Amino acid sequence: MTIALSLSDLKTNERGRIRLCRARGLMKQKLISMGLIPGVEVTVLRSAPLLDPIEIAVQNYQVALRRSEALLVEVDRI
Amino acid sequence: MIRVALAGQPNCGKSTIFNMLAGVNQHVANYPGVTVDKKTANVTFGGDVYELVDLPGTYSFSTFSLEERVAKSFLLDENPDVIVNVIDASNLRRSLYLTFQLLELGRPMVLALNMMDVAERRGLDIAMDKLAEMLNVRVVKTVGARGRGKSDLLQAMQAASRTEIAEPFRVEYAELETYIARIEDRITRQTGLAKRWLAIKALEGDEVILQKIGLDRETITDLTADIHSRHDIDVDQMIAGLRYASADRVYHKCVTEKSVPGETFTTKADRVVLNRWLAFPILGLVIYLVYQLSIVWGYKLTDHTWPLLAALRNQIFALLPRSQFIHTPLVTEFGVWMTNSILALLNYIPIFFILFVVIAILEDVGYMPRMAFILDRIFRKYGLHGQSTLPLVLGGALVGGCAVPGIMATKGIADERARLATVLTVPYMNCLAKVPFYTLLLAAFFKPHMGIMMFFISTVTLFIALILARLLTSTVLKSRETAPFVMEMPTYHLPTIKGVLLRAFQRLWLYIKKVVTIVVAVAVVLFVLLQYPGVPREKMAELRQQADSAMARFSASVQDTAYQPHLDTREKIYQLLSINESYRADRLLARSQAAVDQLNSSYLERYPELFPILLAADPETRQINRALRTLSNTGRGLQLEIRNEKIVNSYLGTLGRAIEPVTRHAGFDWRINVAFLSSFAARESAVATLGSIYEQGATDASPEQVMARDGAYTPIHAATMLLFMLLTPPCIAAMVVVKLQSHSYLWMLFAVLFPTALGIMLSLIFFNLALQFNWSGVELMRNFYLCVAALTLVLGLKKSSHSGWQVGKTH
Ligand SMILES: Nc1nc2c(ncn2[C@@H]2O[C@H](COP(=O)(O)OP(=O)(O)OP(=O)(O)O)[C@@H](O)[C@H]2O)c(=O)[nH]1
Ligand SMILES: [Mg+2]
């Protein structure tokens, strides 16, 4: 296993598999209901013109999230 | 009556289906305590009456966001007879996640596979029978946007309402089943809801459900800890994972993807729309178009609609008792005042309508979330949200707008703190009706510098709004609920004309209902405050004397003419005066020569004896006409003086004078105070009141000329007035909407008092600084501008302690 990588560390067009989600409460629920759960594959599509937030593809659709939120999602690069 | 709830994930077309079923027959209700509307409508089908409820979209069924709370509490507490689960068929797998949770409720349900057109275009072949069998529900295909599938859906609703669910659908929760069973055994209370569903929700740690079934958290914590130690994953994530796995299974059994989906239109479009270099120019273009279409063209459109309103106004005025030279009956004064107040608002309807149409289009297309995506980084620094962009633009971030639709557009902002901050800062944007006031002062005092002054005025407001948003969110709003920025970027859709117009009309109607009623109430209050106690007796006697001698002079001049018999009593002269007035008003509206001819002949028919005087075609009538004009001018002068005296003596005038000792230090005398006070009903009246206070007798000079010549004010005064006007609270209509969107009279009060206090304070400071350092009016404005801009920059660069989402905080 490599060092812990967060979703925010992935570059555009890189893919990763969610390993762990450190969020709690509302944030965790929100991520779960959008399908960001351990084991799921994500692709970073782009970052906003000002570099934050980022847009990712997950479960067959697109989701935008801030980097501060993406930091809470640990991924393995694939 | 059969109660039917429309539930589904955001943007799947629930409201479209709702409109398809209900037509225009609907009723929008504001759900108490939350920001989301719940729409209901009654539909009759096959002899039954169905009450449809359009719920807000939810991805899941927890109780974290407002929308979810509304949807969930409705489904739990109001126990609808049938649930219609609307699904985006082109996104079936994800949609099933919510469907499973709805199915577990164990209520009769219909699955509406909406957006079938999109699904077909993507080459998805959905086996409906298979899906219906697997989920044990009725499945219908619909295309809401085209009105397809209406009768199928109604039939399915009817059938569902007549069946009881014996065995609700079960998602297999594998290793969790034993835990679910264990909780089920402990549920003793009767809640009318499926036990299994309650147990699953309890296991997920849902507070509301735990309370409902009377279990405490500890029991659950033991179980979840146990599960965690065995499977090394949180229970809620595990449950979600199992649901997604089930959805996968159902999807693969029921759907065949005929063609390999290539790159979708959305992907291609986003590559341009969200491109690093193109995003801002495109955004700028969109904002410019919104502004141009609604504000600029809408304003032009009012040029055409105003004559209609004016004609209506003349008709209403014609019904009121005539004034008798200088004496105007109270009913008439009241009628005129109310008509003018209401028409001033109705005049803006074209602007609002276009605005609502444009917003509906942007919403339907799916550009709103993109806008938030692009700008979030900037707005977040000041405690706002990417989604604050549109409300601020509508409010008038570019030269002019209106706070009312601006505040109404804050509804979609997910983050409660940012939403409230937006609601409270939109009123600082430049309202369109402030523009005449600015132009009046600029034309009177800053003729050579109008351009630069207008630039200061139109851009400083955005800075002020950002500063205040930052201050508010780090103080009074600090403890407000915030939400993580995790937002689906929906696929682009082509909006339909029907859908857009329907929504625009609904919003317009809501606006008229809510806003106009309140404005009427305030107009009444203001009328009383400006009308009483009235002109002092001696003054009135003096004015009456003057009126009598003017009348006598007129009588003398018609003495030896052929018209004398028609003008031998006061009443007859009064009649001539009022014919003269209504003729002039109608004449203004007649554009072509043909219209004028027609007007003349109709007047001649109605008043064969007197009308020739107004036509003044021969020497005799011309002479009488001249005398009449003198009389009418004198009358108007006297009426103005009466009006002036009334305002000076009125309660509002007294108040204006009472606060003069304070406001004098900012350069405001009582006349300006009265103007500001009365402008609170509607911005337009600031200019009108100033105008009527300044109109001295019947001069032809415009108010700005009179003001400039008056000598009481210098450019510094004017600049201070501008500064105060920039900060003054918006009109009462905007305040009503603040109340509607913040659900609190306290916030409304705050929105009135805070800017007023701030405005007075800053006016005082800058007025005195200007006196101290001998600034010119323009310098005063420039220095104010530089201060505000610098503060904005400093706040933006300073790292705020709470700019992001706070981890672990839920309420
Ligand atoms: N192509 C297509 N578009 C549709 C269909 N039904 C609805 N739409 C469009 O989808 C968009 C969203 O529809 P809404 O009815 O507002 O969705 P909603 O589920 O009420 O959304 P929320 O209230 O935000 O949860 C609109 O632009 C509709 O015009 C359909 O069957 N086909
Ligand atoms: Mg809706």
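In what follows, Ala, Val, Leu, Ile, Met, Phe, Trp, Tyr, Cys and Pro count as nonpolar, Asp, Glu, Lys and Arg as charged, and the others, Gly among them, as polar. With that in mind, remember throughout the tour that this is a predicted model.

Begin by selecting ligand 1 together with the residues around it: the shell holds 17 residues, and the closest of them are Lys14(B), Ser15(B), Thr16(B), Asp117(B) and Gly144(B). Coloured by class, this shell shows 6 nonpolar, 8 polar and 3 charged residues.

Next, display the helices of chain B, where helix H1 (14-22) and helix H4 (116-121) each supply at least two residues of the shell around ligand 1. Of the elements that contribute, H1(B) gives the most, with 3 residues.

Now look at individual atoms of the ligand. A nitrogen atom of ligand 1 lies 2.9 Å from an N or O atom in the side chain of Asp117(B), while an oxygen atom of ligand 1 is 3.2 Å from a backbone N or O atom of Cys12(B), and a polar backbone atom of Gly57(B) is found 3.3 Å from an oxygen atom of ligand 1. Taken on its own, ligand 1 has 650 Å² of accessible area, of which the protein covers 84%.

Technical notes: Residues numbered from 1 in each chain as written. Chains lettered and ligands numbered in written order. Predicted model: local features only at pLDDT ≥ 70, side-chain atom pairs only at ≥ 80, totals over all residues. Heavy atoms only, no water. Near = heavy atom within 4 Å. Polar contact = N/O pair within 3.5 Å; in protein donor to acceptor, adjacent residues only side chain to side chain. Areas by Shrake-Rupley, 256 points an atom, 1.4 Å probe, with all protein chains shown as cover. Helix = DSSP H or I, 4+ residues; strand = E, 2+ residues; numbered from the N terminus.
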